[in-house]
Amino acid sequence: MSMSAEHIKADLDALAAQFDYFKEAINLAGYPKPRIRDRGYTTLLRTIVGQQVSVAAASSIWNKMEAFLGEGCPADVLLSKDFDELRSCGLSRQKQGYARSLAELVVSGELKFDSFPADDEDAIKLLTKVKGIGRWSAEIYFLFAEGRSDIWPAGDLAIQESVGKMLRLGARPSEKEIRVIAEDWRPYRGAAAIMAWHIYDVEFDAI
């Protein structure tokens, strides 16, 4: 399942029917395009590789890893390599620890990508057992790779900025504040988040 363009449009139309500010946002910016990622281990490993480096650097490291470990960097193969071998691909000590944490959970069967709990909070709790995968990364995974339609990454600064702008709050609201605000947007918070990223650079007239 994924948050397709049709799914996003239907959810945003439902929000626009209840809240004028969503209707205004759609009129100003149109509907956002879907953001879809593959489900599974490889997507999460790429998330770890890409942390705190540029897109170009992350791509270079990933290409070296695949050349060394094989397509998708299989978990069992990664675990069979030592520190120096993985460092030669560009993986720092810290990221090697994160990558091994993920690979060990996959190989042990504790982390199964086809059977996460149906409850979003339970699923996030399970995924954050992986070292280096915090709440935000888990939320992004479940929104884009699993298409869970009520995920709300309230800790994302761009989302906070956009919500503040769309609702004319005068300042960027805190994570706690936008969690409260978005309670009224259930069960469409995933589409609301995608719209918030979409309107980040859009100017709203002051009231």
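Mentor: Arg189 belongs to helix 12, which spans residues 189-198; helices here are DSSP runs of H or I with at least four residues, strands are runs of E with at least two, and both are numbered from the N terminus. The model is predicted, so local features need pLDDT of at least 70 and side-chain atom pairs count only at pLDDT 80 or more, while totals for chains, interfaces and linings use all residues. Residues are numbered from 1 along each chain as its sequence is written, and side-chain values use heavy atoms, with hydrogens and water left out.

Arg189 counts as buried because its relative accessibility is 9%. Buried means under 20% relative accessible area, exposed means over 50%, and partly exposed lies in between, with a 1.4 Å probe and protein chains only. Apart from residues up to four places away in sequence, Arg189 touches Ser149, Asp150, Ile151, Trp152, Ala182 and Glu183, where contact means heavy atoms within 4.5 Å.

Two of these neighbours meet Arg189 through charged or polar atoms. The side chain of Asp150 makes a polar contact of 3.1 Å with that of Arg189. A polar contact is a pair of N or O atoms within 3.5 Å; within protein, one must be able to donate a hydrogen and the other to accept it, and residues adjacent in sequence count only if both atoms are side-chain atoms. Glu183 forms a salt bridge with Arg189, at 3.7 Å from N to O; the term requires a side-chain nitrogen of Lys or Arg within 4 Å of a carboxyl oxygen of Asp or Glu. Glu183 is partly exposed, at 40% relative accessible area, whereas Arg189 is buried.

Elsewhere, salt bridges with shared partners link Glu121, Arg135, Glu139, Glu175 and Arg179 into one network. Within that group, the closest N and O atoms of Arg179 and Glu175 are 3.0 Å apart. Both residues sit in helix 11 (residues 175-182), and because they are 4 residues apart, about one helical turn separates them. Arg179 is partly exposed at 24%, and so is Glu175 at 34%. The whole structure has 16 salt bridges.

Helix 8 covers residues 120-127, and its buried residues are Ala123, Ile124, Leu126 and Leu127. Seen down the helix axis, these fall within an arc of 160°, so they line one face of helix 8; the arc is that of the directions from the helix axis to the C-beta atoms. They pack against helix 3 (41-49) and helix 9 (135-144).

The largest nonpolar core has 63 residues, and Met65, Trp152 and Trp185 have the most contacts inside it. Such a core is a set of buried Ala, Val, Leu, Ile, Met, Phe, Trp, Tyr and Cys residues joined through side-chain atoms within 4.5 Å. Helix 12 gives the most to this core, with 7 residues. Trp152 is also one of the residues that Arg189 touches. Trp185, leaving aside neighbours within four places in sequence, is in contact with Leu15, Phe19, Tyr21, Phe22, Trp152, Val163, Met166, Leu167 and Ala192.
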